[in-house]
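Here's a quick briefing to read with the model open beside you.

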Amino acid sequence: MAERFDIAIVGGGMAGASLGAELAPHARVVVLEAEDRPGYHATGRSAAFWEECYGGRGIVPLTLASGAYLRERGFLARRGALYIGREGQHGELDAFMARFTDSGATLERLGREGVAAQVPGLRDGWTGGVWEEACADIDVAGLHAHYLAELRRAGGTVELRARVSHAVRRAGGWTVATERGARFEADLLIDAAGAWADEVAEMAGVAALGIAPLQRTVAQVRVDPQPSPDLPLVLDIGGAFYFKPENGRLWLSPQDETPSAPCDTAPGELAVAQAVAALQEVVDWRVEAVERKWAGLRSFAPDRRPVYGFDPGDGAFFWFAGQGGFGIQTAPAAARLGAQLVLGRPRDAMTERLDADLYAPARFAAGSG
């Protein structure tokens, strides 16, 4: 016999856990997680940082609205971010500054001297930068555990090894079955399945939105000299790399975006080699070893904004997906907004300045905008 819930959420990563935690005080919620533990995929592989400009101007409101929640609960540790460019990229640095004017992000334009003061061993040719003081590291595991605990404390249920095999819409709501034979009934089905979001939608008879998984590679390298723990997050203004210190090592990414099917993705040797080569063009440090490497899938809607809202073709199906690489840093505001949309509740201080239409799935309907 199927268990009955008000809401079934597919996916137990940061998206499903945070939204579930916001909904559980008001409804009977079950989170269906395919893996042995929640957060195995994108959430557990994030090199997350809270960076005001990350994801573009359309994401800034969600990031800024999430900041107080993350700081007050101790999930942020100040680091600072530094976008750097070569002499021929000064126009890109200026355009970056202009793009985020009046967005709420706090930025400062730097010359060669200011950049070199932040990055010891900086090679010649790197002549400008943009400094963002507010950037911070995020305790991803702590935040995810916090939301799962809040979900359970409010009476919510998390089912592990519950990969959905089919979902059928009936007059009374949804019947959802898992590969292991469990069955659940719910009035509302929420798609928080990350890289599998379109697959879950199609399984439920809902049109896919074109949410595409893109692989991002990160490597942990040992360098000499050992990086200072005060080194900022350093990003190429052209998008070719970023690096940051982590427990005496360096986390390094080529910022790759390789299209991928939804899967348990693995890092490619070429991407790691590109990242190391890029680092050696920036600083004179010696790379002694690549100690470990991993990859995760960051999933984007066609316009690279997240998708939060009821499907325009089925009011019992709610999208909470397409959060790219910014789903961790925006989790508090996104989950609060998502819950308010689901429950028809008014906005609060966290969400009052958010424009839900920017993220509504209806923007992809034929003839819209």
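Predicted model: local features only at pLDDT ≥ 70, side-chain atom pairs only at ≥ 80, totals over all residues.

**V282 and its surroundings**

- V282 belongs to helix α7, which covers residues 269–282.
- Setting aside neighbours within four places in sequence, V282 is in contact with I84, G121, L122, R123, W126, F241 and F243.
- D224 lies 58 residues from V282 in sequence, and the C-alpha atoms of the two are 14 Å apart in space.

- How many of the residues of α1 are buried? The count is 10 of the 10, so α1 is largely enclosed by the rest of the structure.
- If you want to click through them, the buried residues are M14, A15, G16, A17, S18, L19, G20, A21, E22 and L23.
- What do these buried residues pack against? Their partners are the strands β1 (3–10), β2 (29–32), β12 (183–191) and β20 (314–321), along with the helices α5 (140–153) and α8.

**α1 against α5**

- The axes of α1 and α5 come within 8 Å and cross at roughly 40 degrees, which makes α1 oblique to α5.
- The crossing of α1 with α5 is left-handed.
- On the α1 side, the contact uses M14, A17, S18, G20 and A21; on the α5 side, you'll find V140, L143, H144, Y147, L148, E150 and L151.
- Sorted by class, the residues of this α1 and α5 contact come out as eight nonpolar, three polar and one charged.

**α1 against α8**

- Helix α1 (residues 14–23) also packs on α8, at an angle of about 55 degrees and with the axes 8 Å apart.
- α1 and α8 are therefore oblique to each other, and their crossing is right-handed.
- M14, S18, L19, E22 and L23 are what α1 brings to the contact, while α8 supplies A331, A335, R336, G338, A339, V342 and L343.
- The residues of the contact of α1 with α8 split into eight nonpolar, two polar and two charged.

**α2 against α8**

- Helix α8 (residues 331–343) has helix α2 (residues 60–72) as a partner too: their axes come within 6 Å and cross at roughly 105 degrees.
- Are α2 and α8 roughly perpendicular or roughly parallel to each other? They are roughly perpendicular.
- L62, A65, S66, Y69 and L70 from α2 meet A331, P332, A333, A334 and R336 from α8.
- By class, this contact of α2 with α8 has eight nonpolar residues, one polar and one charged.
- A331 and R336 turn up in the α8 lists for both helices: they meet α2, and they meet α1.

**Backbone spots to look at**

- The peptide bond joining D224 and P225 is cis, with omega about 5 degrees. P225 sits in the loop between β13 (212–224) and β14 (233–236).
- D102 isn't a glycine, yet it has a positive phi of about 65 degrees. D102 is in the loop between α3 (90–99) and β6 (108–111), and it counts as exposed at 75% relative accessibility.
- Q255, another residue other than glycine, has a positive phi near 55 degrees.
- Q255 is placed in the loop between β16 (249–253) and β17 (258–259).
- Is Q255 buried or exposed? At 16% relative accessibility, Q255 counts as buried.

**Cysteines**

- How many disulfides are there in the whole structure? A search finds zero.
- C53, for one, is in no disulfide: the nearest cysteine sulfur is that of C135, at 9.6 Å. A disulfide needs a pair of cysteine sulfur atoms within 2.5 Å.
- C53 is buried, with a relative accessible area of 3%, whereas C263 is partly exposed, with a relative accessible area of 30%.

Methods: Residues numbered from 1 in each chain as written. Heavy atoms only, no water. Buried < 20%, exposed > 50% of the residue type's maximum accessible area, 1.4 Å probe, protein only. Axes fitted to C-alpha atoms, helices over the stretch in contact; angles between N-to-C directions. Helix = DSSP H or I, 4+ residues; strand = E, 2+ residues; numbered from the N terminus. Parallel < 35°, antiparallel > 145°, perpendicular 65-115°, else oblique. Contact = heavy atoms within 4.5 Å. Nonpolar A, V, L, I, M, F, W, Y, C, P; charged D, E, K, R; others polar. Left-handed = near helix turned anticlockwise from the far one by under 90°.
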